[in-house]
Amino acid sequence: MSIFSALHRLDRRWIFLTVGLLVVVPLLTGFHIAPVRPSARAKGFYDAVQRVPEGSTVVLAGDYDPGTIAENYPMHLAAVRHLMSRNIKIIAVELYPGGPPLADRVLHIAGEEFHKQERVDYVNLGFKSGNEVVMSQMGSSIPVTFPADRSGVPVNRIPVMKGVENFGQIALLVSISAGYPGTKEWVQQVVSRYHVPMVAGVTAVSAPEYYPYLQAGQLQGLLGGMAGAAEYEVLVGHPALATRGMDAQSLAHIFIAFMILLGNLAALPQRSSTGRK
Amino acid sequence: MHVSASLGVWVAALLTLGIFSFLYKDNPAYKLCEHLFVGVSAGYYVVLTYYSVVKPNLLDPLFLGVNGHRDFLLVIPLLLGILLFSRFFPKGDWLSRWSIALILGVYPALRITGFGQGDFVEQIHGTILPLWVANDFGATVGNWILIVGLLTTLIFFFFSKEHKGALGGTARVGVYFLMVSFGASYGYTVMARISLLIGRVMFLLHDWLGVLHL
């Protein structure tokens with residue numbers, strides 16, 4: 001029995017176990033492969049935030065839920081840290097029902113670090129169902145779309161909302177997105193209509209879908225998955241969750257690439273015999 | 001090692017392990033976690049939608065008033081919303097069609113205009129590129145690859161003539177570009193799945209067992 005025929009009968013649970021070990025061991029031992037080097041896409045994200053004048057207001061859309069915390073949460077936290085470090089006011093909205101508690105968490109963590117006051121320097125307007133309708137309505141009036149914040153405080157009593165009527169007063173749209181509704185819809189409904197500069201942090205599985213927007217200049221920066229989040233953490237100067245996970249990620253990738261190669265080699269004799277027939 | 005004393009963390013950790021147990025084989029613990037997730041998600045969504053949409057956008061402005069002003073026009077969306085529930089009564093279920101007609105009228109129009117402005121026009125605009133960029137060989141090559149990839153891929157999806165001869169050869173080049181894009185998508189998908197695993201492992205090791213210091 002050759003090694004390749006043995007591979008055909010390999011119980012897939014051994015692969016699961018190996019991937020699990022390749023993730024757990026580097027995290028526990030602090031095994032380090034290589035430093036994280038920021039890509040042009042992550043630098044675009046960083047530079048777009050840097051260009052926003054201090055005291056301006058941005059909309060931060062946290063369109064994800066606990067299912068993609070590992071990818072979206074680190075980039076969400078890094079973005080809020082970056083914005084607050086530059087004294088930029090944040091209006092947070094969420095189009096995923098599971099998003100508001102996560103937005104609350106990142107705003108409160110960074111708010112404490114940078115001594116920012118809720119409703120004065122930032123506000124979480126919470127979840128609103130309606131997807132594209134919500135985005136489109138925000139173009140007419142943000143206070144009408146979100147009459148109160150997540151805690152029920154009317155927007156006319158929230159200092160950070162003073163003077164904010166629609167996207168005309170928004171310096172940048174930051175979309176942290178897990179899929180639909182998210183970055184694609186913000187581009188379609190807001191960027192193309194109101195010409196608001198926009199950056200996005202998205203899950204890796206959806207990232208290829210947004211490269212055309214980046215190439216066409218509709219997005220000024222793009223963070224793809226945990227790798228994108230780690231690059232941005234390095235740029236912000238606050239390596240955190242994503243940076244810590246990158247070594248485990250790299251080892252698992254190497255193993256999976258090796259298994260794909262091995263799988264194809266194992267399939268070769270079978271293919272050639274089929275060809276002979 | 002500092003094991004969490006929080007009940008919430010223990011429940012989350014045991015549910016995570018219950019879901020992971022499916023990797024070994026299907027079992028009752030996995031089924032229990034799966035059903036809990038579906039039930040809790042549905043309940044959470046209903047309550048959240050009431051407090052974040054129905055109450056602040058409909059009930060409060062209509063019945064209590066905002067800034068001393070009650071918006072009686074909101075009776076129309078309220079009635080349309082109530083009509084949707086007529087589907088539960090076979091004799092009057094046709095009433096729900098009025099509400100559905102409104103949704104079908106507005107929603108596709110919104111999406112089509114968004115697609116037209118955001119994707120169709122802007123993406124065509126994005127492919128109008130110079131084929132020679134002075135002093136930047138990399139940009140020149142990149143622009144050529146983009147335009148050749150775009151045209152050959154479009155030709156692959158041109159089905160009005162049989163893919164033979166020059167047309168077939170060009171379409172074949174388009175297939176290679178598509179293969180590269182599928183490969184990139186698969187690579188990103190692998191990265192996404194491993195990231196999710198890392199997130200859960202970090203939770204188990206840090207929040208639950210306290211053996212990982214972040």
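Residues are numbered from 1 along each chain as its sequence is written, while chains are lettered from A and ligands numbered from 1 in the order in which they are written. Because the model is predicted, local features need pLDDT of at least 70 and side-chain atom pairs count only at pLDDT 80 or more, whereas totals for chains, interfaces and linings use all residues.

Chain A contains 11 helices and six strands; helices (H or I, at least four residues) and strands (E, at least two) are DSSP runs, numbered from the N terminus. Its C-alpha trace spans about 75 × 45 × 30 Å along the principal axes. Of its 277 residues, 49% count as buried. Here a residue is buried if 20 or more other C-beta atoms lie within 10 Å of its own, exposed if 12 or fewer, and partly exposed in between, with C-beta atoms placed from the backbone. Two residues are in contact if their C-beta atoms, again placed from the backbone, lie within 7 Å. Among the contacts in chain A with a separation of 6 or more, 74% join residues 24 or more positions apart.

Since 16 of its 17 residues are buried, α4(A) is largely enclosed by the rest of the structure. Just after the helix, Asn87(A) takes a positive phi of about 55 degrees. The largest nonpolar core holds 93 residues, of which Ile91(A) and Ala92(A) touch the most other members; α4(A) provides its largest share, 10 residues. Such a core is a set of buried Ala, Val, Leu, Ile, Met, Phe, Trp, Tyr and Cys residues joined through C-beta atoms within 7 Å. Leaving out residues up to four places away in sequence, the contacts of Ala92(A) include Leu60(A), Ala103(A), Tyr122(A) and Leu125(A).

The loop between β4 (172–177) and α8 of chain A is the place of Ala178(A). This alanine counts as buried because it has 24 C-beta neighbours inside 10 Å. Beyond its neighbours within four places in sequence, Ala178(A) is in contact with several residues, including Asp63(A), Asn72(A), Tyr96(A) and Thr203(A). Pro181(A) lies in the loop between β4 and α8 too, and a cis peptide bond with omega of about -10 degrees joins Tyr180(A) to Pro181(A). Elsewhere, His115(A) has a positive phi near 55 degrees and sits in the loop between α5 (99–113) and β3 of chain A. With 8 C-beta neighbours inside 10 Å, His115(A) counts as exposed. For context, most residues other than glycine have a negative phi, and most peptide bonds are trans.

The contact between the chains takes 46 residues from chain A and 42 residues from chain B. On the side of chain A that touches chain B, the largest share, eight residues, comes from α11(A). The residues of that side divide into 26 nonpolar, 14 polar and six charged, where Ala, Val, Leu, Ile, Met, Phe, Trp, Tyr, Cys and Pro count as nonpolar, Asp, Glu, Lys and Arg as charged, and the others, Gly among them, as polar.

α10(A) and helix α6 (residues 165–208) of chain B pack at an angle of about 75 degrees, with their axes 7 Å apart. Axes are lines fitted to C-alpha atoms, for helices over the stretch in contact, and angles run from 0 to 180 degrees between N-to-C directions. That angle makes α10(A) roughly perpendicular to α6(B); angles under 35 degrees count as roughly parallel, over 145 as roughly antiparallel, 65 to 115 as roughly perpendicular and the rest as oblique. Gly225(A), Met226(A) and Ala227(A) meet residues of α6(B) that include Tyr188(B) and Ile198(B).

In the second pair, the axes of α8(A) and helix α4 (residues 96–126) of chain B come within 7 Å and cross at roughly 80 degrees, which makes α8(A) roughly perpendicular to α4(B). The contact of α8(A) with α4(B) has three nonpolar, six polar and three charged residues.
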